[in-house]
Amino acid sequence: MLKSVVRAVGAAVRVTSSTAPTARVLPLRCPVLCSPNSATTRPFTRSLWVMNNRGTTSGYRPKLFTTKVLNPSVLCGCEGLHTEGDKAFINFLSDEIKEEVKIQKHKSLPKMSGGWELEMNGTEAKLTKNVSGEKITVTFNINNSIPPNFEEEEEEKSQQKSADEEPEILSMPNFVVEVKKQDSKHSLVFDCNFPEDEISRGEGEEDSDIFAIREVSFQPDGDDEWKETSYTLNTDSLDWALYDHLMDFLADRGVDNTFADELMELSTGVEHQEYIRFLEDLQSFVKGH
């Protein structure tokens, strides 16, 4: 379907988007890093859009204006520009919105087990709970959370399948876990993600971790940004025994495989809701409302 979006947009305004890298930050007080790896499920309709734009890897910047008008303009009471391409675009968006609502898996966001409380701030989600005097906070952002490599592979597979058998899109965001202890001036912060090799694990590997710790650091309470002057432990070259203890530390506080699976389901639900809302806003914008 989005292949048609690309064609319709191209008829009016050629736009190529890019996303600049963002600084890593602490939960909710500022945006959380989002990897291109991220999970709720929806039939695979947007792969061509993603493949054409390449997310953060694109070297192009948006072209907001063009000197070419391909279709005759029509003036209306709103004094906006309306073309035949706009009309076709609006009709397409109307059909796309109906289809996305029809296939929407979660009309309301899925619940997290384990006593987590959810707070939403736009595309950012914050999960919190208290465990024996400790406050555990997990934040993630659904932007750029659908892995491009996953989409390309599934697009190839879907070419031999019928529409009813199309693969589903999963949102798999990076997420940050912050552990606060009472009377402590620092929090232990974990930067986690969903590695592609773990997501695609095969049979007999159910006990393996589906998420990974990328970095660990102590950060002072009350600061919005991750301080680069604080020592940060990168796990790429970490002793496996220490890494296992860090994973056990998180599991004891409710951040385990079950949590990671539910987080992907929640993230996918949020991502789909935001996608439908974006289509609705885009339709209103093109209409001039």
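Partly exposed denotes a relative accessible area between the buried limit, under 20%, and the exposed limit, over 50%. The legends below describe close-up views of a predicted model.

**Figure 1. Salt bridge between Glu265 and Lys105.** The side chains of Glu265 and Lys105 meet with an N to O distance of 3.1 Å. Glu265 belongs to helix H7 (residues 257-287), while Lys105 sits in the loop between helix H3 (84-103) and strand S3 (117-121), so the pair ties together parts that are 160 residues apart in sequence. Lys105 is partly exposed because its relative accessible area is 45%, a value that lies between the limits of 20% and 50%. Glu265 also counts as partly exposed, at 22% relative accessibility. The structure holds seven salt bridges, and this pair is one of them.

**Figure 2. Salt bridge between Glu134 and Lys181.** The N to O distance between these two side chains is 2.2 Å. Glu134 counts as buried, with 7% relative accessibility, whereas Lys181 is partly exposed at 47%.

**Figure 3. Salt bridge between Asp191 and Arg214.** The closest N and O atoms of Asp191 and Arg214 are 3.1 Å apart. Because Asp191 lies in strand S7 and Arg214 in strand S8 (residues 212-220), the pair ties together parts that are 23 residues apart in sequence. Asp191 is buried, at 2% relative accessibility, and Arg214 is partly exposed, with a relative accessible area of 27%.

**Figure 4. Salt-bridge network of Glu134, Lys181 and Arg253.** Side chains of opposite charge can pair when their charged atoms come close.

**Figure 5. Helix H3, its start and its buried residues.** At the start of H3, a side-chain oxygen of Thr83 comes to within 3.2 Å of the backbone nitrogen of Gly85. The end C-alpha atoms of H3 are 29 Å apart, which agrees with the 28 Å that its 20 residues should span at 1.5 Å a residue. Buried residues of H3 include Phe89, Ile90, Phe92, Leu93 and Ile97; Glu96 and Glu100 are also among them. An α-helix has 3.6 residues a turn, so residues three or four places apart point the same way.

Notes: Residues are numbered from 1 along each chain as its sequence is written. This is a predicted model: local features need pLDDT of at least 70, side-chain atom pairs count only at pLDDT 80 or more; totals for chains, interfaces and linings use all residues. Side-chain values use heavy atoms; hydrogens and water are left out. A salt bridge is a side-chain nitrogen of Lys or Arg within 4 Å of a carboxyl oxygen of Asp or Glu. Helices (H or I, at least four residues) and strands (E, at least two) are DSSP runs, numbered from the N terminus. Buried means under 20% relative accessible area, exposed over 50%, partly exposed in between (1.4 Å probe, protein chains only). The expected span of a helix is 1.5 Å times one less than its number of residues. A polar contact is a pair of N or O atoms within 3.5 Å; within protein, one must be able to donate a hydrogen and the other to accept it, and residues adjacent in sequence count only if both atoms are side-chain atoms.
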